[in-house]
Amino acid sequence: NHFGPIIEDEVLLVETLCEFSGQPVVVIAAETREAIRQAKKAIQADIELLHPVFTIDEAIERGQFLGATCTIRRGDTETAFAEADYTLEGVFINGGQDHFYLESQAAVVYPGEHQTLTVHSSTQHPSEVQREIANLLGLQHHQVVCISKRMGGAFGGKETQAMHPAAMAALVALKTQRPARIVLNKDDDMRATGKRHPFQNNYQVAFNRDGLILGMKVHFYSDGGAMADLSTSIMGRAMTHAENAYFIPNIEIT
């Protein structure tokens, strides 16, 4: 039941551990919105509150990291800093963002013969929707066809996150052998789907009297939330783009 675009650490529905506020617990299939509202009232959850981690500093203190720690090195940063005329250091923090696509996450799934599914998904990544639905439902990949009619203005928010609602609709369509449709309202969408990462970057820069940068050290920390999703790739992009348009001869980026 585990899946993920890089690290398979996600579950479609909570099994024993609820890892973030808004994580989906059950799927309700109904013919009307009123029936859905009534079904929600019948759900009872017994949840024990554990110690939450809300900030990057708390995660660092507790050693809770997603993926392995990586380092990029070039040159001799220790010598560059020792011989530099000036050094600067500080912390740069930027908050997270919601992609806020105008069309919320949505999908409609039609069951066919021999347990086939045709999935119409508002996704930037139809091949992932196909693959993960097949894996989660125990189907062969050729039994799932994913169609994305058009896509614009998703801003990366439907690269992986569209898979979750599409899989929920596919689960219902497969079990009931009836078409199933899901459209998340904006509140539920923003609670349950991933975001652009908050970052906290600790930096040191060495430079001479002419303003030439001789060396740089940066520790990147991003808040990836409860699951990895694309966080390791985003971190890799941040690390390899840290120099921007410059070539700094001595760097250490972690």
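The model is predicted, so local features need pLDDT of at least 70, side-chain atom pairs count only at pLDDT 80 or more, and totals for chains, interfaces and linings use all residues. Residues are numbered from 1 along each chain as its sequence is written, and side-chain values use heavy atoms, with hydrogens and water left out.

Helix α7 spans residues 231–240. Helices (H or I, at least four residues) and strands (E, at least two) are DSSP runs, numbered from the N terminus. The buried residues of α7 are S231, M235, A238 and M239. Viewed down the axis of α7, these buried residues fall within an arc of 95°, so they line one face of the helix. The arc is taken from the directions that run from the helix axis to the C-beta atoms. R237 and T240 are exposed on the other side of α7. Here, buried means under 20% relative accessible area, exposed means over 50%, and partly exposed lies in between (1.4 Å probe, protein chains only).

S121 is found in strand β6, residues 117–121. Its relative accessibility is 5%, so S121 counts as buried. Contact means heavy atoms within 4.5 Å. With neighbours within four places in sequence left aside, S121 is in contact with A106, A107, V129, C146, I147, S148, A162 and A166. The C-alpha atoms of S121 and P165 are separated by 8.8 Å, and the two residues are 44 residues apart along the chain. D57 lies in helix α2. At 47% relative accessibility, D57 counts as partly exposed.

Q161 lies in the loop between β7 (144–147) and α5 (163–176). It counts as buried because its relative accessibility is 8%. The side chain of Q161 takes part in polar contacts. A polar contact is a pair of N or O atoms within 3.5 Å; within protein, one must be able to donate a hydrogen and the other to accept it, and residues adjacent in sequence count only if both atoms are side-chain atoms. Another, of 3.3 Å, joins the side chain of Q161 to that of D229. Beyond neighbours within four places in sequence, Q161 is in contact with Q105, A192, T193, G194 and D229.

The structure holds 11 salt bridges. A salt bridge is a side-chain nitrogen of Lys or Arg within 4 Å of a carboxyl oxygen of Asp or Glu. One of them joins the side chains of R37 and E34, at 3.0 Å from N to O. Both residues lie in helix α1, 3 residues apart, which is about one turn of the helix. R37 is partly exposed, at 46% relative accessibility. E34 is also partly exposed, with a relative accessible area of 38%.

E78 forms a salt bridge with K217, with the closest N and O atoms 3.0 Å apart. This pair links distant parts of the chain: E78 is in helix α3 (residues 77–83), K217 is in strand β10, and the two are 139 residues apart. E78 counts as partly exposed at 49% relative accessibility, whereas K217 is buried at 15%.

R209 forms a salt bridge with D85, and the closest N and O atoms are 2.9 Å apart. R209 lies in the loop between β9 and β10, and D85 in the loop between α3 and β4 (86–94), so the pair ties together parts that are 124 residues apart in sequence. R209 is exposed, with a relative accessible area of 64%. D85 is partly exposed, at 34%. Elsewhere, E128, R131 and E132 are linked in a network of salt bridges.

V25, V26 and I43 make a nonpolar surface patch of about 220 Å². Patches are made of residues with over 30% relative accessible area and no salt bridge; like charges are joined within 9 Å, and nonpolar side chains (Val, Leu, Ile, Met, Phe, Trp, Tyr) within 5 Å. Accessible areas come from the Shrake-Rupley method with a 1.4 Å probe, and for residues only the protein chains shown count as cover. I43 is found in the loop between α1 (33–41) and α2 (56–62). Its relative accessibility is 38%, so I43 counts as partly exposed.
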